[in-house]
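Please open the model in the viewer and keep the selection panel at hand.

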Amino acid sequence: MNEKKIGFIGAGNMATAIINGILVKKAQKPENIVVFDLDAEKLALMKEKGVNTESSCEGLAKKSDIIVLAVKPQNYDEVLESIKDSVTEKTVLVTIAAGISIEYVRNGLGKNVPAVRVMPNTPLLLGKGATAMCRSENISEEDFEIVYSMFALSGDVALLDESKMNAVIAVNGSSPAYIYLFAKAMTDYAVSVGIDEKTALTLVCKTFEGSAEMLRSSGDTPEKLIEKVCSKGGTTIEAMNVLKNNNVEQTIKDAMAACTARAEELGK
């Protein structure tokens with residue numbers, strides 16, 4: 001990764017995951033990273049990593065070639081207003097908030113900045129992230145490669161057209177919560193029939209890991225893998241019949257559609 005000053009406005013979990021990936025892989029020197037957050041404790045933790053900190057968004061913007069906007073969607077207007085006079089049309093802006101488009105960032109700054117829109121997910125914290133990304137037409141290959149690498153260091157990255165970026169939130173950004181809900185239900189059932197919770201969760205997690213690898217490596221479609229587990233007259237088919245009768249598959253699709261609709265609302 002080429003050396004440039006990379007600024008992070010916000011030092012929450014996602015920013016921390018990205019920064020940790022950069023530092024662990026030694027993709028940038030710590031002194032090339034600068035962070036601002038309203039929380040002094042978070043800034044203190046960043047200083048312990050050897051990165052620079054700033055006392056304001058404006059100060060950070062003046063020192064950064066690339067700025068990652070690691071704040072909630074509801075805070076974007078305030079942040080963009082605060083840095084608009086400190087960035088130039090060469091400053092690269094990276095939006096990682098649900099629903100916040102490249103156009104939204106440009107309008108907030110009043111500048112045609114090069115930008116990258118990113119939808120990461122929380123497994124990025126463990127180096128197992130699944131990130132979707134799109135780029136503006138005016139970003140250089142060098143700058144885009146830096147931004148791409150920031151996320152690729154901690155998982156897989158898929159490049160999409162921006163028209164798909166709200167929909168993909170339901171696929172990778174919010175979807176860990178669906179998995180956790182399924183895991184909770186499975187574990188709760190196990191406990192209810194007398195299986196130790198820790199043992200149950202271990203089995204559930206390993207089952208998820210193995211199932212993911214089967215999806216990735218077997219060459220079979222999800223439908224085919226379901227078929228292979230569901231022996232006629234066996235136990236799994238009984239479970240699947242209950243799930244089908246309760247429209248679980250359609251409920252998941254409806255939930256994903258609601259997720260996308262909310263992303264559309266946040267970007268207005």
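How much space lies in the second largest pocket? About 560 Å³ lies there, in what is a predicted model.

**Stop 1: the second largest pocket.** Select V71, K72, P73, I96 and A97; of the 24 residues that line this pocket, these are the closest to its centre. Next, colour α1 (13–24), α7 and α12 (248–266), each of which supplies at least two residues of the lining. Helix α12 gives the most, with four residues. By residue class, the lining of the second largest pocket divides into 14 nonpolar, eight polar and two charged residues.

**Stop 2: the whole chain.** Zoom out to view the protein chain, which has 12 helices and eight strands. Its C-alpha atoms fill a box of roughly 70 × 40 × 30 Å along the principal axes. Of the 268 residues, 40% are buried.

**Stop 3: the sheet.** Eight strands form an open sheet with mixed pairing, and their order is β3-β2-β1-β4-β5-β6-β7-β8. The edge strands are β3 (52–53) and β8, each of which pairs on one side only. Strands of a sheet pair through backbone hydrogen bonds, either parallel or antiparallel.

Select residues 6–9 (β1) and 33–36 (β2): these two strands run parallel and are joined by four bridges. Within this pair, I9 stands opposite F36 of β2.

Stop 4: Select residues 129–135, which form β7. Five of its seven residues are buried, so the strand is largely enclosed by the rest of the structure; buried here means under 20% relative accessible area. On one pairing, β7 runs antiparallel to β6, with four bridges between them. On another, β7 runs parallel to β8 (residues 155–159), with five bridges.

Now select M133 and look for its partners. V118 stands opposite M133, and in β8 the bridge partner of M133 is L159.

**Stop 5: the cavity.** How many cavities of 30 Å³ or more does a search of the whole structure find? The search finds one. About 30 Å³ of space lies in this largest cavity. To display its lining, select A97, A98, G99, R117, V118, M119, M165 and I169. The elements that give two or more residues to this lining are β6 (115–119) and α7 (165–173), and β6 gives the most, with three residues. The lining comprises six nonpolar residues, one polar and one charged.

Stop 6: Finally, select residues 40–48, helix α2, together with D39. D39 caps the N-terminal end of this helix: one of its side-chain oxygens lies 2.8 Å from the backbone nitrogen of E41.

Definitions and conventions
Residues are numbered from 1 along each chain as its sequence is written. This is a predicted model: local features need pLDDT of at least 70, side-chain atom pairs count only at pLDDT 80 or more; totals for chains, interfaces and linings use all residues. Side-chain values use heavy atoms; hydrogens and water are left out. On a 1 Å grid over the protein atoms alone, a cavity is a set of points where a 1.4 Å probe fits but cannot get out, and a pocket is an open set with protein on both sides within 12 Å along at least five of seven lines; lining residues have an atom within 4 Å of a point. Grid points are joined across faces, edges and corners, and a volume is the space filled by probe spheres set on the points. Ala, Val, Leu, Ile, Met, Phe, Trp, Tyr, Cys and Pro count as nonpolar, Asp, Glu, Lys and Arg as charged, and the others, Gly among them, as polar. A polar contact is a pair of N or O atoms within 3.5 Å; within protein, one must be able to donate a hydrogen and the other to accept it, and residues adjacent in sequence count only if both atoms are side-chain atoms. Buried means under 20% relative accessible area, exposed over 50%, partly exposed in between (1.4 Å probe, protein chains only). Two strands pair if DSSP finds at least two bridges between them.
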